[in-house]
Each structure stands twice: as structure tokens, then as C-alpha cells.
Amino acid sequence: MRIAVFSTKPYDARYLEMANRAGHELVFLEARLSAETASLAGDADAVCAFVNDDLGAGVVSALADGGVRLIALRSAGFNHVDLAAAEAAGIAVARVPAYSPHAVAEHTVALILTLNRKTHRAYNRVREGNFALDGLLGFDLDGKTVGIVGTGKIGEVVARILGGFGCTLLAHDPVESSICTALGVRYVEFDELLGASDIITLQCPLTPETFHLIDAAALARVKPGVMLINTSRGAVVDTRALIQGLKSGAVGSVGLDVYEEEADLFFEDFSDKFIPDDVFARLLTFPNVLITGHQAFFTEEALTAIAETTIANVSAFERDGVPIYPVRAATGG
Ligand code: NAI
């Protein structure tokens, strides 16, 4: 099949070419998929898209008019796709449900450890010959309570790693994981998790229910000085409310790999320009905020698995008319 691959970075092209033993025709496009760029799909049978591509109703309809029959997502999350519009247009949607929960879980723990022990600040100090410890004080993770919101594939690995640090683990998820229960995780209501956790980490998908789950009301109920980590999707957190929480001291530190308006920023180099988003720029001014640009997934193992599953989805669709991992409007899965 002819596949128009949007938002292509050099590493995407490298891993997709390695996985493409089936010989699909891959057309690599640097452009992000949007209403303006949808026509670049040309006469492709499928488009391959990433997390910040626009797959709203308008784009889906333009793709259908051009003859696209499959949207193959290189991601687990599919909150950016108008599934009803795709179904109505007769376009199948496929995703990569699990490529490496370890990649995201390990990055989550990296954010916790870095924020806590301030190794990013220590690195810069030592390089300048400053060996003072003032401002680098951390706390033992052993014995601290961590609240995990969402104990799916990633949340389970987070629980396993943090259990090894001696943390007390709470979780909130409408579906309890027997793996987590066996690890000693105690499931509680969201309010109890907010009030009892020293660290809260978000590992749930972005859905209408989780949009701004962490808002001003939630931040009013957290343990003072809580550490908040978000490696799920930006819009699970209300950024403006978070900034207020940081200013009041209700929130002690924040580690983010995702941001609700990241589409216009992340994966691009702004170092010679200016940051056009004032809310994001404000976040960057806090010494107790650590941000990475949606890199939690970025390991060799994950890129290999993403590429292999994406090609397998396309091959299955070409052969059977159904990808291996379809996403459907009614169930989302
Ligand atoms: P998963 O589907 O295995 O687990 C998600 C869990 O969240 C499920 O157990 C579900 O029941 C739970 N959940 C749903 N609604 C909830 C709610 N209102 N409150 C609490 N829990 C709720 O998904 P997986 O693989 O663990 O990934 C989770 C999310 O992480 C993805 O949806 C994606 O948005 C994000 N992600 C981020 C990446 C990054 O690079 N930063 C990479 C991969 C995924």
C-alpha cells in the first residue's frame, strides 16, 4: 500500500524503513497533518500519523475525498482522532496499543528522581565549579505515598518500579488491575488519593472524563507540597490552575512530559526563536518545574515496536480489510 507518513522525523523514517519488509510504499512528509496539509497525502491508500497531527472531522473528510482508507496511528493514544467522522467516511483507524510501557514508566520515574534530588541543577552547578548543596535538598522515596491515576499497562510498570523504592502505593482506576493489587497497591476514591499522596502520577488516557481532571478544585484537595507528574496527555491537567497551585505553594513540584497546547511547540527546535505560548513560558520560569518535550516513549525498543506494529496494521488491513489493532468509535478500542 502507499502510505503517506506525516510528522516524519529522521528516526521515524529509519525505524519504519527497517520494519517495512512487506514492501509498502512509504512517502515521508515532514509536515504535521492539518487541514492545510491533508492534500499532501496525494493518492495514498493510508496515512500514518503521530500524536500532534490533526485528525478532526475536517481533515478526516479531506483524506476520505482523496481516497485514504486507513489511518495508522504511531501512538497508543487516539484522543486526537474524530472516530465518528472516520467511521462515517469509511476510514479504518489503527493504533499501537502497547509498544513499551517500560519506556514511559521509566521516564516517569526519571522525572520523579530528577525533581526530587535536583540532579539537573546539580549537573549545571558542578560544571561551573559550584559545589554548594543549598537548594538541592530532597527526600527519601522510601515510605512516601504515591498515588497512581490509571493502572493500565504503564501504571502497572510504574507501580512495580516504585514498589521497589519502598513507596506506599495508592491507585485510582475504574478498572482494578489484579497485577497491581498483587503488588500491594490499594485502590481508593480519587479524593482520597489526592489528599493522601506525596506524589501523584497521571497514567490515564485523555477522555471527556479525564479532561482537566487536575483542576483548581482537585488542587485544593491535594496534600500541601505534593509532587505532580504527568506523562499521559497534557489536557488531563488544567495548566492555568497548576500555575496558581505552584504560586500558592499547594503544589511543591511538577514534572511534565506533556502539555495541553504542546502541538505547536513540541518536537520542534525553538532555541533560535521565542516561545510563542505565554502560559508555557510562565511554567518554564519555576525552578521546581521540570518539563520534557513528549519524550517518554523515546527508546530504541519503543520505536522498533511502534514501527513493527504500524507496518503489521497496514499489512493486515491490505490483506483482510481490518488492521490488527483497530480503534472504533463506539468502544474506543
Ligand atoms: P492503558 O489503556 O493500558 O491504561 C489506561 C488506564 O487508565 C486503564 O486502566 C483505564 O481503566 C484507566 N482510566 C481510564 N479512565 C480513567 C479515569 N477517569 N481515572 C483513572 N483511570 C482511568 O494505557 P497505557 O498504555 O497505560 O497508556 C496510558 C496513557 O499514557 C495513554 O492513553 C497515552 O495517553 C499516554 N502515553 C504517553 C506517552 C508519552 O510518550 N508521554 C506514550 C504512551 C502513552
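**Salt bridges and burial**

Modeller: Arginine 74 and aspartate 12 are both buried. Buried means under 20% relative accessible area, exposed over 50%, partly exposed in between (1.4 Å probe, protein chains only). This is a predicted model: local features need pLDDT of at least 70, side-chain atom pairs count only at pLDDT 80 or more, and totals for chains, interfaces and linings use all residues. Residues are numbered from 1 along each chain as its sequence is written, and side-chain values use heavy atoms, with hydrogens and water left out.

Biologist: How many salt bridges does a search of the whole structure find?

Modeller: A salt bridge is a side-chain nitrogen of Lys or Arg within 4 Å of a carboxyl oxygen of Asp or Glu. The search finds 11. One of them joins glutamate 268 to lysine 9, at 3.2 Å from N to O. Helices (H or I, at least four residues) and strands (E, at least two) are DSSP runs, numbered from the N terminus.

Biologist: Is glutamate 268 buried or exposed?

Modeller: Exposed, at 52% relative accessible area. Lysine 9 has 19% relative accessibility, so lysine 9 counts as buried.

Biologist: Which residues form a network of salt bridges?

Modeller: Arg2, Glu25 and Asp43 are linked that way.

Biologist: What does leucine 228 touch?

Modeller: Contact means heavy atoms within 4.5 Å. Leaving out residues up to four places away in sequence, its contacts include Ile200, Leu202 and Val237. Leucine 228 lies in strand S10, residues 226–230. Its relative accessibility is 3%, so leucine 228 counts as buried.
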